[in-house]
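Trainee: Could you pick one part of this structure and take me through it closely? I would be glad if you then linked it to whatever else deserves a look.

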Amino acid sequence: MLSRRPAERTSRPPTRLRTDGRGRPGRAPRLLALTVALLCTSGLLTPAHGTTADGAAPRAAAEEGSQRVRALVARMTLDEKLSFVHWTAGAEGGPLARGVGYLPGVPRLGIPPLQAADGPVGVRINGSRATALPTPTALAATFDDGLAAAYGKVIGHEGRALGQDVVLAPMVNNIRVPHGGRNFETFSEDPLVTSRTAAAEIRGIQGQGLMATVKHFAGNNQETDRFTVDAAVDEQTLHETELPGFRSAVEAGAASVMCAYNGVNGTPACSSDQLLQKVLREQWGFRGWVMSDWLATKATTDITKGLDQELGLEMGKPTDPVPDSKHFGAALKAAVTAGTVPEAALDRSVVRIVGQMERFGLLDPAGGPARPARDAQAGRATAREIAENGAVLLRNTTTAAGLPALPLTGTAATSLAVIGDSALHPKVSGLGSAHVVPDAAEAPLDALRERAGANAAVAYEPGIERLGAPLTATELSPAFQNGRQLDPGGDRAFYDGTLTVPADGDYRIGVRVDGGLAILQIEGQAPVYAADSFSETTSVVLRLTRGTHKLAMSGWAWPDRPLSVDLTWVTPERANRNIQRAVAAAAAADTAVVFAQDEGSEGWDRPSLSLPDGQDALIAAVAAANPNTVVVLNTGSSVLMPWLGSTRAVLQMWYPGQEGARATAALLYGDVNPGGKLTQTFPAAEDAHPMAGRPERFPGVAGKQEYSEGIHVGYRWYEREGVAPLFPFGHGLSYTSFSYRDLAVERTATGATVRVTVRNTGRSTGKEVVQAYLGPSDRITAPQAVKKLAGYTKVTLAPGQEKRVAVTVDARQLQYWDTARHSWRDAPGARTVKVGSSSADIRLTGRLAP
Ligand code: BGC
């Protein structure tokens, strides 16, 4: 199956595509991933979890589900039952083919079809637009459960409105590897932040009647070898660092859990009786269903290990969907018929799935609650609010005039050189199955121009272009007309010609697509795939020699939209000129605002923590030309900042979603006061983080990644090893300042309460995230963190205002995982309590009495 595809030109929409950024032929793991990419293209409801204590006996299959659901399943034929345990492509050509999967239901029994779509950053339906929310790292940086619920509400509402019943979100895997390609798609390196954010988001999603699927259970913390790598992780580390987010999701009532591609301690996650039965069901009392990630079902017998549903592979054309289920379709039927897999196991899975349909009202006579209309305005408002609240002001120093660089005021606010590609082409979201095509996304440059006012001078220079200029008839013969290439549903080669290159050099080629997939093939180079379901623009650097090269383009269009393609390039000469122009513009303005971006993506880890494409050199050159340089980062995760000391300010906007432009302008101009905090440590150097120099940790050796840092994930590792980060966990500045006093700590029936008085000592209203960290217990021998976040709360204060703030420390934060007893246990004894504005900015220290 895998070998068949790359040779053929597939017409199936790829869900995620990637070249290696320089267009070089992919290395083996990349090829595999690319091959697969090409193939694949509260009203609170009743909780789905039980209250089963750790270690309680498993619920027998017969006990699962309501009587009604069990009776329905008893009336199903074998084929009808099988139709629930693997997703299919759905009805031809219609919207059903565009989500991730479709179940036909059993109309004769009043069970309607079910539809599922990605994902964690908004509802992703191929060929449809939806609200592109800020990336989950931005959401987590708000440290605000209310905003997480609002984020979920947008996904829940839009998912229902767009014909979906299940969303494959949120992703709660730990940010363990700074290079992790999907870090942007998840929340934090800290299990408490992840747990709280996930629970609130799930309640928000499901409160709208959409089922949430928490993913990827478990240990999917890197993309390198993601289909095969085995995560070797000890029990305490697993339960204390990676699993809390999943447990919290189950407790919040998540309808479904997606098991991961990778293995955990020698067993594929989707075949792991230990994870799927023991942990998920017996320890946590989960009553929803488990689906596999795409292609992650390994065997028909996985259904006896706790996997309920296969997310199989869809092959063929969009107009000719061929649902493929390798294990839970015909193969499972044969196994059940032969008696090698008990039919009771199949029944149990179907009961779990239909049980959740019942819980969400989908078995009601009308086929479920009425679908609402999309509320794009509400989506926009939430996207904007979260982009503003999740932004993290990393650095803010004073100008020569003695004023803080940010917010922009006076002439610093009206004489700007705005530099960087993402100022003009907004970086909305990361790449892969979490990519959402928004209704619209304004350019930050336009928002800044508007905010700066008509009398301001706002120059723009890209510095480094991702697309460049259209290829003209001088270079391309015959001429290529940018724009519409194929009618809706079209599928063919649409250009065949030659590209004439004036001199040897590195040429950046840009492909912008709307309405489908385009494949660019330059003779002797790896093909460049560009699909709007993955990213509207694709940009690669190719080393080309002087002379003429064959260039061909093919593609297909969505059934109901034409395919429009633009082909552009940046010659080496133009690239040099761009840098010079950016530096000159910076020198001529009072303030230089440089937008920098990276390309977090599913399928690939970042090759380095540096900004790609020479952006570090661009920032350094601009900062050398203008000391009042402010950097706006559109990155999904941490990046190195070799230029930091020569800049005045750095504002981390993440991938800020479709409303990022106005949020950025509002923050830079001080209409909004930044209050977000980092939920991951930013390393100071490529050799100064938990994975550095430890290939067995990342990317793994011989197919295995050792979690040998143990429970010391993220900031815990930096503290223990005494390694200084660039920016610590919990860090984030404000345009105002806060003082802390009068710490009081007391034990309560449910854990502890930490009280502190916080005062706004500055001149603007601001939000402070008050963080309480616990030191280790001296009564246990199991590994403990030097310091771990045990509770936090966010407070809004006007200038001069103070509040007595209470931070709740849940009983679970005072426990540790006892490996000998395979359960949580209280860690007795006194504990140090440190309260502060970041993990490194501790303002008060107290003690929790034994
Ligand atoms: C990703 C999942 C996603 C699924 C469906 C997989 O490759 O790992 O996160 O939900 O595809 O698009």
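Mentor: Gladly! Helix α2 and helix α11 make a right-handed crossing, and please keep in mind throughout that this is a predicted model.

Helix α15 (residues 444-452) packs with helix α18 (residues 660-668), their axes 8 Å apart and at an angle of about 40 degrees. Roughly parallel would need an angle under 35 degrees, and α15 and α18 are therefore oblique to each other. The crossing of α15 past α18 is right-handed.

Now to the ligand. There are 14 residues around the ligand, and D118, R182, H216, Y261 and D293 come nearest. By class, this shell holds seven charged residues, five nonpolar ones and two polar ones. For K215, an N or O atom of the side chain is 2.9 Å from a ligand oxygen. For R226, the corresponding separation, again between a side-chain N or O atom and an oxygen of the ligand, is 3.3 Å. The ligand has 310 Å² of accessible area on its own, and the protein covers 100% of this area.

Finally, let me point you to some backbone details. Most residues other than glycine have a negative phi, and most peptide bonds are trans. D225 has a phi near 55 degrees, a positive value in a residue other than glycine. You will find D225 in the loop between β4 (211-217) and β5 (230-232).

From A169 to P170 the bond is cis, with omega near 0 degrees, and P170 sits in the loop between β3 (166-168) and α6 (191-206). The bond from L406 to P407 is cis too, again with omega near 0 degrees. P407 belongs to the loop that runs between β12 (392-396) and α13 (410-414).

How values were computed
Residues numbered from 1 in each chain as written. Predicted model: local features only at pLDDT ≥ 70, side-chain atom pairs only at ≥ 80, totals over all residues. Heavy atoms only, no water. Near = heavy atom within 4 Å. Polar contact = N/O pair within 3.5 Å; in protein donor to acceptor, adjacent residues only side chain to side chain. Areas by Shrake-Rupley, 256 points an atom, 1.4 Å probe, with all protein chains shown as cover. Nonpolar A, V, L, I, M, F, W, Y, C, P; charged D, E, K, R; others polar. Left-handed = near helix turned anticlockwise from the far one by under 90°. Helix = DSSP H or I, 4+ residues; strand = E, 2+ residues; numbered from the N terminus. Axes fitted to C-alpha atoms, helices over the stretch in contact; angles between N-to-C directions. Parallel < 35°, antiparallel > 145°, perpendicular 65-115°, else oblique.
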